[in-house]
Amino acid sequence: MLKIAQYTLSSPLLQAPMAGVTDRVYRDIVREHGAGMATSEMVTSQLSLLKTQKTQLRLPQLDECSPRSIQIVGTDPDTMAEAARHYVNIGAEIIDINFGCPVKKVAGSKQLAGSALLKDEQKVEQIISRVVEATGNIPVTVKYRTGWCQSTRNAVRIAKIAEQAGVAALALHGRTREDKYKPYAEYESIRQVKKHANSIPIIANGDIAGDEEQARFILDYTQADGLMIGRASFGRPWIFSELNHSLFGIPTKEITWQYKRDIALKHLESVHDFYRDSTSHHAKATTSHTGFANKVINWYLLSMSIQTNLRPRLLKSRTPGEQISLFKEVLDAAA
Ligand SMILES: Cc1cc2nc3c(=O)[nH]c(=O)nc-3n(C[C@H](O)[C@H](O)[C@H](O)COP(=O)(O)O)c2cc1C
């Protein structure tokens with residue numbers, strides 16, 4: 001089984017961190033359905049911004065499934081080390097560093113964080129070393145892309161830097177920053193990384209769609225120790241238990257239509273509970289609350305191939321109660 005430093009995971013299939021997606025509710029649901037770990041979406045290493053409600057809601061909580069991994073993003077080694085120390089103090093059990101984010105707000109010329117750091121290997125080394133030093137025996141992992149652009153791919157060099165600086169595991173998305181999300185991810189770089197940095201677990205990421213044959217191919221071809229799944233888990237948290245069963249023979253419940261319906265409904269109810277409880281004292285509560293609830297509805301309608309003319313009403317529901325009962329009606333009508 002996949003081991004990250006002192007943590008033996010229950011499955012080598014991990015949920016990819018996704019900003020605006022993998023909130024506490026999402027992480028709980030995928031863990032319940034077989035994901036071996038679900039890292040938080042990226043959070044700032046600027047501790048002064050920690051007060052914001054948005055960041056507070058992104059942080060892992062002490063009652064969350066272990067190991068609690070939190071992903072930090074930033075650019076200054078000392079600031080990131082200080083942030084890592086802070087997150088460990090409030091309960092993180094693994095610190096993940098983001099060297100993969102392609103978006104302008106993070107990797108643009110103003111911030112030079114996320115995937116932009118792949119252009120500066122020395123800085124990567126400094127950041128990792130400082131964070132590893134700051135976190136003591138709390139494992140540090142790295143999630144990154146294969147390089148800034150096709151002509152400067154440096155996944156193997158980054159892996160060796162990370163390995164030498166004491167990183168406990170690497171997750172590699174088989175695209176460069178320049179590739180953004182264009183089809184398709186490639187797995188050759190992941191295979192090379194596994195070949196050249198074989199003292200730590202390597203986790204393959206990119207376009208894993210949930211079918212057994214493809215997942216088996218990626219594992220065999222790259223020899224990776226685990227797979228990380230992002231978008232394919234939208235409205236489909238049972239993807240983990242399905243693949244756990246088909247790839248590794250881990251027993252699972254039968255995934256019937258009724259089972260999916262119950263999960264979809266529970267996901268929506270949990271989003272309403274979580275944001276209502278967490279944000280009831282904040283004026284801006286409704287933005288993330290409604291945003292997440294509507295995303296959840298759209299994901300499940302798509303993944304369960306449900307077409308309904310009630311969709312506009314569903315997304316514009318005035319109260320959580322109204323939305324939940326309408327969603328139930330839609331799910332039951334589609335059964
Ligand atoms: C909406 C969205 C948000 C994302 N946010 C993050 C993030 O916060 N940190 C990170 O390392 N990667 C982030 N990613 C990248 C994913 O973790 C993953 O590497 C990428 O989606 C490829 O995997 P997939 O093809 O299985 O989706 C994000 C991706 C999406 C689609």
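A salt bridge and its surroundings

Tutor: The side chains of Glu 212 and Arg 216 meet in a salt bridge, with 2.7 Å from N to O. The term salt bridge is used for a side-chain nitrogen of Lys or Arg within 4 Å of a carboxyl oxygen of Asp or Glu. The model is predicted, so local features need pLDDT of at least 70 and side-chain atom pairs count only at pLDDT 80 or more, while totals for chains, interfaces and linings use all residues. Residues are numbered from 1 along each chain as its sequence is written, and side-chain values use heavy atoms, with hydrogens and water left out.

Both Glu 212 and Arg 216 belong to helix α8, four residues apart, or about one turn of the helix. Helices (H or I, at least four residues) and strands (E, at least two) are DSSP runs, numbered from the N terminus. Glu 212 is partly exposed, at a relative accessible area of 34%, and Arg 216 is partly exposed, also at 34%. Partly exposed lies between buried (under 20% relative accessible area) and exposed (over 50%), taken with a 1.4 Å probe on protein chains only.

Helix α8 covers residues 212–222 and forms a right-handed β-α-β unit with β10 and β11. Right-handed means that, with the strands pointing away from the viewer, the path from the first strand over the helix to the second runs clockwise. Strand β10 (residues 202–205) is joined to β11 by three bridges, and the two run parallel; Ala 204 has Leu 227 of β11 as its bridge partner. Three bridges also join β11 to the parallel strand β3 (residues 13–15), where Leu 14 stands opposite Met 228. Within β11 (residues 226–229), Gly 226 and Met 228 point one way, Leu 227 and Ile 229 point the other way, and all are buried.

These strands belong to an open sheet of nine strands with parallel pairing, in the order β4-β3-β11-β10-β9-β8-β7-β6-β5. Two strands pair if DSSP finds at least two bridges between them. The edge strands, β4 (37–38) and β5 (43–44), each pair on one side only. Elsewhere in the sheet, four bridges join β6 (residues 69–73) to the parallel β7 (residues 94–99), and Ile 70 stands opposite Ile 95 in β7.

Other helices lie across the sheet. Helix α7 lies across β8, β9 and β10, at about 180° to β10. Helix α5 (residues 121–135) lies across β6, β7 and β8, at about 170° to β7. Contact here means heavy atoms within 4.5 Å. Axes are lines fitted to C-alpha atoms, for helices over the stretch in contact, and angles run from 0 to 180 degrees between N-to-C directions.

Back to the charged pairs: the whole structure has 21 salt bridges. One of them joins the side chains of Arg 153 and Glu 186 (3.1 Å, N to O). Arg 153 lies in the loop between β8 (140–145) and α6 (155–164), and Glu 186 in the loop between β9 (169–173) and α7 (188–196), so this pair ties together parts 33 residues apart in sequence. Arg 153 is partly exposed, with a relative accessible area of 41%. Another salt bridge joins Glu 242 and Arg 236 (3.8 Å, N to O). Glu 242 is partly exposed at 27%, as is Arg 236 at 22%. Salt bridges that share partners join Arg 24, Arg 27, Asp 28, Asp 63 and Glu 64 into one network.
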